[in-house]
Amino acid sequence: MTAPAAIAPSAQRFAIAPALVPWCALAVLTALCLLLKTELPWLVNFPKEWTLPLASYINAVADVVVAVIQPGFRALSALLDAPMRGARLALAWLPWPAVMLAVAALALKSSGERLAIFALATLAYILLAGYWPQSMNTLALVLLAVPISIVLGFLLGVLGYARPRWRPVLNGALDLMQTVPAFAYLIPLLLLFGFGPVVGLIASAIYATPPMVRNTMLGLERVPAAISEAGLMSGCTRRQQFWQVEVPTALPQLLVGFNQTTMAALSMVIVAAIIGGFEDIGWEVLSSMRKAEFGQSILSGLVIALLAILIDRLTIGFAKAPKTGPTRAMRWMTPRRLALSLAIALALAVVIRLAAPDATLLPETGLRMQMGAVNQWLLGLVRDYAWFFNGVRNAVLYCLLLPMRVGISGSATPAMWGFSLPPSALAVYVVLVLALAVLAARRLGWRAAVAVLAAGLVLYTGFLDLPWPVFILAVALLAGQVGGPRLGLFAVAGFGLILVNGLWPQLVQSLYLCTLAVLLCLLVGGALGVWAAHSERVSRLLKPICDALQTMPQFVFLIPALMFFKVGEFTALIAITLYAIVPPIRYVEHGLRHVRADVVEAVEQMGATPLQTLLQAKLPLALPVVMLGLNQTIMAALSMLAIAALVGTRDLGQAVYVALGKADAGMGLIAGLSIAFLAILADRLIQAAVARSAAASR
Amino acid sequence: MPKTINRVRNAGIGLALMFAASAPVAAADLGAKDEPIKLAMLEWTGAHVSTHIAGQLLEKLGYKVEYVTAGNFPQFSGLADGSLSASVEVWMNNVGDIYPKTLAAKQIEDIGKLDLKTREGWIYPKFMETVCPGLPDWTALNKPDCIKALSTPETAPNARFLDYPADWGSRAATILADNNMQYTAVPSGSEGALVAELEAAEAAKTPLVMMFWGPHYALAENDVGWVTMPPCKEQTNEHCITPPDVDKIVWSGFGAKWPAAYAFLKAFKMDAGEQEKMMLAVDKKGEDLDAVVKAWIDKNEAVWKPWVDGAKG
């Protein structure tokens with residue numbers, strides 16, 4: 001009753017917003033769908049009979065295609081197998097003292113004595129933990145995948161730079177390579193390349209190539225016109241111009257690409273281990289996960305984390321000179337001394353191998369067995385604090401997860417909340433939502449009002465009971481208005497594909513898990529980021545934690561989460577949140593720290609409290625950076641879906657995983673593409689929104 | 001006429017074998033003994049033990065052996081094209097759709113049972129007998145108190161049953177439905193999740209009923225009971241849990257390439273009790289796998305001698 005009356009005075013303002021009209025139509029449609037829900041159940045549950053067996057078509061086509069092209073790929077596989085074997089044998093042959101010497105020399109050259117000490121400590125840790133041979137196998141994989149990715153990425157990047165018309169296709173392909181979970185294409189790779197470590201190598205190369213392509217394009221585009229012209233004036237041929245002017249100028253950016261590519265290759269080690277083929281550190285992590293041995297999984301996971309940090313710092317050191325200039329140690333390590341050190345390392349290796357040809361030289365340590373104590377400690381925690389963990393889990397389940405999943409309408413039953421809502425309470429809810437919407441419309445414009453209404457609807461029906469036509473149209477409308485009609489069509493096509501493949505329930509599960517995880521990450525991570533931006537100590541404390549969360553294989557965190565919170569959605573939520581919380585922390589901190597100081601000072605001069613400064617000056621100014629963080633958070637959450645499947649979810653990640661188990665290439669690809677579609681759609685939406693707000697503020 | 005043809009053919013095979021093995025004539029039936037036999041090392045310790053015993057005995061026969069780690073499903077791709085030679089402990093209840101495909105295409109060969117005495121069914125931590133009096137009989141699970149104890153927010157008002165990961169198939173859900181039990185089967189996602197839940201339940205004494213199998217080292221450390229299962233509605237794999245077979249699978253070209261190894265692997269068996277002891281020594285006492293296996297071989301010559309002798313002869 002009150003709602004329409006309240007809207008009336010501002011009707012004039014609404015009438016002039018043509019973009020609002022379709023939303024009103026959608027609201028009518030929504031009301032219709034909700035009313036007809038019981039008569040027409042297909043509005044909520046997409047009927048099985050309507051699905052298309054696309055996956056089996058893909059499999060049928062793939063069978064034929066694979067049979068034709070398989071020999072070529074098998075030959076390639078054999079070709080790659082030789083250097084792979086060579087690298088593994090060479091690294092296994094090198095005795096550890098020689099490796100340590102060589103790496104320390106490189107570290108000294110790259111960024112000085114601190115990194116050298118860190119490198120030695122890392123290698124010593126690997127040795128003592130008893131993972132030396134496995135780590136060398138991992139290194140062999142990375143050493144081969146990186147050059148492949150670099151060369152391929154550079155060539156593609158040059159292509160994209162020289163032929164701008166191909167760039168949209170190229171960008172689309174790169175997006176897919178980075179967002180389709182590797183689990184989804186392991187089966188096709190296995191069919192094409194045959195069993196063995198080469199599959200892992202190819203998977204790593206696929207994932208690691210895009211950063212190099214992007215950085216190559218970026219680097220070449222940013223070559224200043226003045227430099228290019230200088231090259232032309234001095235009479236360069238096109239080839240000379242490219243190799244002697246443009247590439248050297250773009251080199252810093254290319255080296256950044258090199259660094260990112262190396263890190264990406266390393267992060268694929270675990271996925272490669274799922275296939276097997278050789279005993280590497282990823283295999284060790286998977287085995288300990290299988291046995292639910294937390295201690296061992298930390299021990300082996302830490303190897304990957306330390307290696308990642310070491311390789312990152314090493315390559316960054318070569319990519320960028322420090323701002324303060326090279327340190328004394330770096331200057332001392334001249335190229336000649338570096339070559340000499342490497343030669344000494346090699347000589348040392350030869351001498352050791354001549355003296356003891358077959359000795360492994362690896363120290364006997366019982367560290368791995370002593371890690372059993374960590375398990376006991378963990379189980380002790382489980383025993384002593386079971387009431388606490390159960391309480392947390394049940395509270396979150398009852399108050400957050402279930403309402404989001406089945407909505408207030410589904411939760412308010414005697415079985416779940418212990419009571420059912422009378423119609424009057426329902427009326428109060430509707431009035432409340434409408435009132436909020438009106439308030440939002442008055443203060444922030446009609447878009448906020450629509451958002452409030454949508455949130456109210458989702459809260460009422462829950463994600464699972466949302467009619468799919470409404471959902472698809474709403475997202476398409478949003479995409480169309482924010483990013484243009486093409487993005488809207490893209491959304492319709494993507495959701496349509498998911499729908500006809502019968503993956504809608506999994507999609508809804510994924511959406512609801514990821515939405516919750518992203519909201520949690522933004523809240524908690526954002527708060528931590530704000531805190532870190534204002535306190536040097538917190539910032540220093542958070543940094544290694546963030547590093548560890550991002551480089552440790554996620555499998556490691558699954559074990560304690562499982563023991564504390566049991567198989568189920570809550571554990572999946574924890575796992576996703578742990579990984580996706582890093583970007584908001586980093587980006588919020590970075591954004592706040594780099595807000596223009598003069599603006600902040602001006603606001604403070606005007607007598608704003610610290611809270612006002614933060615909320616009304618700093619955060620709005622940092623918004624573009626924060627939005628970038630939001631983008632990264634969504635990507636991270638979606639990429640965790642496939643891993644969270646290991647704790648028993650029912651989402652798209654599980655579909656990918658089940659397809660992997662059944663060697664169903666078609667279903668795996670479709671489910672993987674669905675995840676990629678969500679990621680790309682979210683990315684484009686946020687980019688378009690940022691661009692719009694930037695244009696509006698200009 | 002047929003006789004002469006036969007003789008010519010035999011001579012041809014003999015010649016081929018002699019050329020194939022450039023080694024002395026006595027080793028002819030070893031086949032390509034200089035090419036390593038690649039044994040699949042699957043993820044669990046039990047399979048490590050079986051594989052290494054087979055490997056060390058093959059080495060006694062005069063072969064070179066290479067152990068290659070392999071995922072449970074990807075291994076069939078490897079076996080199909082010979083990049084893996086043999087896998088000696090394949091649990092037939094968990095072979096996915098890829099196994100029947102490659103078997104039908106005659107790319108792999110099933111060479112018989114490992115004779116590992118296995119068990120599969122519903123288990124519960126022993127303390128559950130006070131929570132649900134009447135266990136191990138399945139009817140005890142239907143008592144209201146028991147259902148209430150096992151109920152969780154996600155499954156309420158039903159009790160929670162922890163099932164195998166979704167990709168292993170869900171017979172438990174079918175059987176629960178067959179018997180009108182007030183339970184919801186929750187898929188666990190991975191073996192690690194099953195083990196973690198079992199250990200956590202034991203530690204915190206929280207009620208739990210789940211699907212499991214043996215021999216498994218987790219059974220050696222945790223005191224569990226096996227539910228006496230309700231009668232099967234139908235005697236099919238979907239409605240009935242029977243102890244899974246464990247078979248030995250080789251690449252289809254294995255027999256021709258390494259005849260003696262083929263004969264040996266056919267005869268090779270593994271005892272569940274012995275395997276469990278070795279698993280415990282490796283996993284919990286931290287002993288070296290090779291040393292444990294070697295100790296077993298030294299002590300049990302009577303067991304394996306016939307396999308090796310049979311293969312030589």
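This is a predicted model: local features need pLDDT of at least 70, side-chain atom pairs count only at pLDDT 80 or more; totals for chains, interfaces and linings use all residues.
**Exercise 1. Confidence**

Step 1. Take the chains in turn.

Step 2. Compare the elements of chain B. Helix H1 (residues 2-20) has the lowest confidence, at a mean of 46. Strand E10 (residues 246-251) has the highest, at 94.

**Exercise 2. The build of chain B**

Describe the secondary structure, box and contacts of chain B.

Step 1. Count the elements. Chain B has 14 helices and ten strands.

Step 2. Box the chain. Along the principal axes, its C-alpha atoms fill roughly 80 × 45 × 30 Å.

Step 3. Check burial. Chain B has 313 residues, and 44% of them count as buried.

Step 4. Check the contacts with a separation of 6 or more. Of these, 73% join residues 24 or more positions apart.

**Exercise 3. One lysine**

Is Lys38(B) buried or exposed?

Step 1. Locate the residue. Lys38(B) sits in strand E1 (residues 37-41) of chain B.

Step 2. Count neighbours. Lys38(B) has 23 C-beta neighbours inside 10 Å. The cut-off for buried is 20 or more. Lys38(B) therefore counts as buried.

Step 3. List its partners, leaving aside neighbours within four places in sequence. They are Glu66(B), Val68(B), Leu84(B) and Ser85(B).

Step 4. Lys64(B) is 26 residues from Lys38(B) in sequence, and their C-alpha atoms are 8.7 Å apart.

**Exercise 4. Two helix pairs**

Work out how H11(B) lies against H14(B), and how H5(A) lies against H15(A).

Step 1. Recall the approach. Two packed helices are described by the angle and the distance between their axes.

Step 2. Take H11 (residues 259-267) and H14 (residues 301-312) of chain B. Their axes come within 8 Å and cross at roughly 150 degrees. Over 145 degrees counts as roughly antiparallel, so H11(B) and H14(B) are roughly antiparallel. The crossing is right-handed.

Step 3. Name residues in this contact. H11(B) brings Ala260(B), Ala263(B), Phe264(B) and Ala267(B). Those of H14(B) include Trp307(B) and Val308(B). By class, the contact has seven nonpolar, one polar and one charged residues.

Step 4. Take H5 (residues 96-111) and H15 (residues 294-319) of chain A. Their axes come within 8 Å and cross at roughly 45 degrees. That makes H5(A) oblique to H15(A). This crossing is left-handed.

Step 5. Name the residues. Leu106(A), Ala107(A), Ser110(A) and Ser111(A) meet Arg313(A), Leu314(A), Gly317(A) and Phe318(A).

**Exercise 5. Where the chains touch**

How many residues of chain A are in contact with chain B?

Step 1. Count both sides. 46 residues of chain A contact 40 residues of chain B.

Step 2. Find the helices. Those of chain A that each supply at least two residues include H20 (386-411) and H33 (652-661).

Step 3. Sort by class. The chain A side has 28 nonpolar, eleven polar and seven charged residues.

Notes:
Residues are numbered from 1 along each chain as its sequence is written. Chains are lettered from A and ligands numbered from 1 in the order in which they are written. Axes are lines fitted to C-alpha atoms, for helices over the stretch in contact, and angles run from 0 to 180 degrees between N-to-C directions. Helices (H or I, at least four residues) and strands (E, at least two) are DSSP runs, numbered from the N terminus. Angles under 35 degrees count as roughly parallel, over 145 as roughly antiparallel, 65 to 115 as roughly perpendicular and the rest as oblique. A crossing is left-handed if the near helix is turned anticlockwise from the far one by less than a right angle, and right-handed if clockwise. Two residues are in contact if their C-beta atoms, placed from the backbone, lie within 7 Å. Ala, Val, Leu, Ile, Met, Phe, Trp, Tyr, Cys and Pro count as nonpolar, Asp, Glu, Lys and Arg as charged, and the others, Gly among them, as polar. pLDDT is the predictor's confidence in each residue, from 0 to 100. A residue is buried if 20 or more other C-beta atoms lie within 10 Å of its own, exposed if 12 or fewer, and partly exposed in between; C-beta atoms are placed from the backbone.
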